[in-house]
Amino acid sequence: MKKQNELPICNEGDLIMEQLVELTSKGCGCLLVVDGGSHLTGTFTDGDLRRTLKASGEGIFKLTVGEMWNRNPRTISPDAMAVEAMKKMESPPSPVQFLPVIKDDNILIGIVTLHGLVSAGL
């Protein structure tokens, strides 16, 4: 699990174009959208970026993360087993590459990535 400074974090009011470095530099394929109290409020993926760019063209420069994010991402608790994380990532309606790790009251504490699970031997 990646923690703290390894997490690609942003706020819903941030401009998408201003978050590109954060999106790509942390190697997770997503942004974890939080409020001022570190509560996970959604995610924005590199796939969301591609779809937004295709639909908006140059209009993407004016869009915020909050206008194009997933407000209901799959998550996992910190005490879950790696096998459970893998099953959750592969479940319908479509597979995902990451799971935000949250504790009580939706507080973000980390992220589990498919790459991390595969590297660990799953």
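The tour begins with the whole chain and then moves to single elements and residues.

**Before selecting anything**

This is a predicted model, in which local features need pLDDT of at least 70 and side-chain atom pairs count only at pLDDT 80 or more, while totals for chains, interfaces and linings use all residues. Residues are numbered from 1 along each chain as its sequence is written, and side-chain values use heavy atoms, with hydrogens and water left out.

**The whole chain**

Show the chain as a cartoon: it has 4 helices and 5 strands, where helices (H or I, at least four residues) and strands (E, at least two) are DSSP runs numbered from the N terminus. Following the sequence, the elements come in the pattern β-α-β-β-α-α-β-β-α. Along its principal axes the C-alpha trace spans about 40 × 30 × 25 Å. The radius of gyration of the chain is 14 Å, which agrees with the value near 14 Å for a compact globule with 122 residues; this radius is taken over C-alpha atoms, and the globule rule is 2.2 Å times the number of residues to the power 0.38.

Switch to a surface view, where the chain exposes about 7,100 Å², with carbon and sulfur atoms supplying 54% of that area (accessible areas come from the Shrake-Rupley method with a 1.4 Å probe, and for residues only the protein chains shown count as cover). Of the 122 residues, 38% count as buried, where buried means under 20% relative accessible area, exposed over 50%, and partly exposed in between (1.4 Å probe, protein chains only). Among contacts (heavy atoms within 4.5 Å) between residues at least 6 apart in sequence, 54% join residues at least 24 apart.

Now select helix H2, residues 46-56. Which residues of H2 are buried? They are Gly 47, Asp 48, Leu 49 and Thr 52, and these buried residues pack against helix H1 (20-25) and strand S3 (40-45). At the start of H2, a side-chain oxygen of Thr 45 reaches to within 3.2 Å of the backbone nitrogen of Gly 47, and just after H2, Gly 57 takes a positive phi of about 60°.

Next, display the side chains of Asp 48 and Arg 51, which meet in a salt bridge at 2.8 Å, N to O; the term refers to a side-chain nitrogen of Lys or Arg within 4 Å of a carboxyl oxygen of Asp or Glu. These two residues are 3 apart in H2, and are therefore separated by about one helical turn. An α-helix has 3.6 residues a turn, so residues three or four places apart point the same way. Asp 48 counts as buried, at 12% relative accessibility, whereas Arg 51 is exposed, with a relative accessible area of 53%. A search of the whole structure finds 2 salt bridges, and one of them joins Glu 22 to Lys 26, with the closest N and O atoms 3.1 Å apart.

Select Thr 43, which has its place in strand S3 and counts as buried at 2% relative accessibility. Not counting residues up to four places away in sequence, Thr 43 touches a set of residues that includes Leu 31, Val 33, Asp 48, Trp 69 and Phe 98.

Move to Gly 36, in the loop between strand S2 (30-34) and S3, which counts as exposed at 86% relative accessibility. Gly 36 and Asn 11 are 25 residues apart in sequence, and their C-alpha atoms are 8.2 Å apart in space.

Colour residues 68-122, which UniProt lists for "domain: CBS" in an unreviewed entry; its positions are given in the numbering used here, feature names are shortened, and annotations may be inferred rather than shown by experiment. Over residues 68-122 the chain is 27% helix and 24% strand, and the end C-alpha atoms are 32 Å apart.

Within the loop between helix H3 (82-90) and strand S4 (98-103), find Pro 93, which a cis peptide bond joins to Pro 92, with omega about 15°. Further along, Asn 106 lies in the loop between S4 and strand S5 (107-113). Asn 106 is partly exposed, with a relative accessible area of 31%, and its phi is near 65°, a positive value in a residue other than glycine.

**Last stop**

Finish at Gln 4, in the segment before strand S1 (9-10), where phi is near 40°, a positive value in a residue other than glycine. Gln 4 is exposed, with a relative accessible area of 61%.

Note on methods
A polar contact is a pair of N or O atoms within 3.5 Å; within protein, one must be able to donate a hydrogen and the other to accept it, and residues adjacent in sequence count only if both atoms are side-chain atoms.
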